[in-house]
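Here is a short note to read alongside the structure.

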Amino acid sequence: MTAEPTITTVAAQINAFLAAAREQARDGLTWAEFGRLLVQLLHIAVSGLDAVATLTGPQKKEVALTAAAALFDSFADKAVPVAAWPAWVILRPAIRLLILSLASGAVEALLKITRSE
């Protein structure tokens, strides 16, 4: 019989994923690779957090979005070509907000998928 996941075990899974992503991003990323990492991270977070009984739904979503924000803050800059940096500096806050808004919707969709598996 397996023990019920806790926030600590889910956080460890998220941190392990971010460490592996750091290794993948060492030489840079494309936006497609960044998107794949984001979806994978959200899937790990949603499937792990869904089983944590000590958190409410909004708290679980907040943890998943915090993980998505950490991914963006750590790796989005690596997906930007050097020539685009002047525009990136201006657009980064708006793009971050857009990515986190998309991640918020993705959490809801992934929750349905995770529960039907």
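**Notes on the predicted model**

1. The structure holds 4 aromatic pairs. Rings of Phe, Tyr and Trp (its six-membered ring) pair if their centres lie within 6.5 Å; planes under 30 degrees apart are stacked, over 60 edge-to-face, and the rest tilted. This is a predicted model: local features need pLDDT of at least 70, side-chain atom pairs count only at pLDDT 80 or more, and totals for chains, interfaces and linings use all residues. Residues are numbered from 1 along each chain as its sequence is written, and side-chain values use heavy atoms, with hydrogens and water left out.

2. Tryptophan 31 and tryptophan 88 form a tilted pair, 5.7 Å centre to centre with 55 degrees between the planes. This pair links distant parts of the chain: tryptophan 31 sits in helix H2 and tryptophan 88 in helix H4 (residues 85-116), 57 residues apart. Helices (H or I, at least four residues) are DSSP runs, numbered from the N terminus. Tryptophan 88 is buried, at 5% relative accessible area. Tryptophan 31 is partly exposed, at 36%. Buried means under 20% relative accessible area, exposed over 50%, and partly exposed in between (1.4 Å probe, protein chains only).

3. Phenylalanine 34 and phenylalanine 72 have ring centres 6.1 Å apart and planes at 80 degrees, so this pair is edge-to-face. It too links distant parts of the chain: phenylalanine 34 is in helix H2, phenylalanine 72 in helix H3 (residues 57-75), 38 residues apart. Phenylalanine 34 is buried at 2%. Phenylalanine 72 is buried at 0%. Ring pairs join Trp31, Phe34, Phe72 and Trp88 into a cluster.

4. Which residues touch the most other members of the largest nonpolar core? They are Ile14, Leu29, Phe34, Leu41, Leu42, Leu71 and Phe75, out of 32 residues in this core. H1, H2, H3 and H4 each give two or more residues to it. The largest share, 8 residues, comes from H2. A nonpolar core is a set of buried Ala, Val, Leu, Ile, Met, Phe, Trp, Tyr and Cys residues joined through side-chain atoms within 4.5 Å.

5. Phenylalanine 75 touches Leu18, Ala21, Arg22, Ala25, Leu29 and Phe34, leaving out residues up to four places away in sequence. Contact means heavy atoms within 4.5 Å.

6. The largest pocket has a volume of about 170 Å³. Its lining includes Val46, Asp50, Lys60, Ala64, Glu108 and Arg115. H2, H3 and H4 each supply at least two lining residues. The lining divides into 5 nonpolar, 1 polar and 5 charged residues. A pocket, on a 1 Å grid over the protein atoms alone, is an open set of points where a 1.4 Å probe fits, with protein on both sides within 12 Å along at least five of seven lines; lining residues have an atom within 4 Å of a point.

7. Serine 104 lies in helix H4. Serine 104 is buried, with a relative accessible area of 19%. It touches Lys61 and Leu65, not counting residues up to four places away in sequence.

8. Where is threonine 30? Threonine 30 lies in the loop between helix H1 (7-24) and helix H2 (31-50). It is partly exposed, at 40% relative accessible area. The C-alpha atoms of threonine 30 and lysine 78 are separated by 7.9 Å, though these residues are 48 apart along the chain.

Note on methods. Points joined across faces, edges and corners; volume = space filled by probe spheres on them. Nonpolar A, V, L, I, M, F, W, Y, C, P; charged D, E, K, R; others polar.
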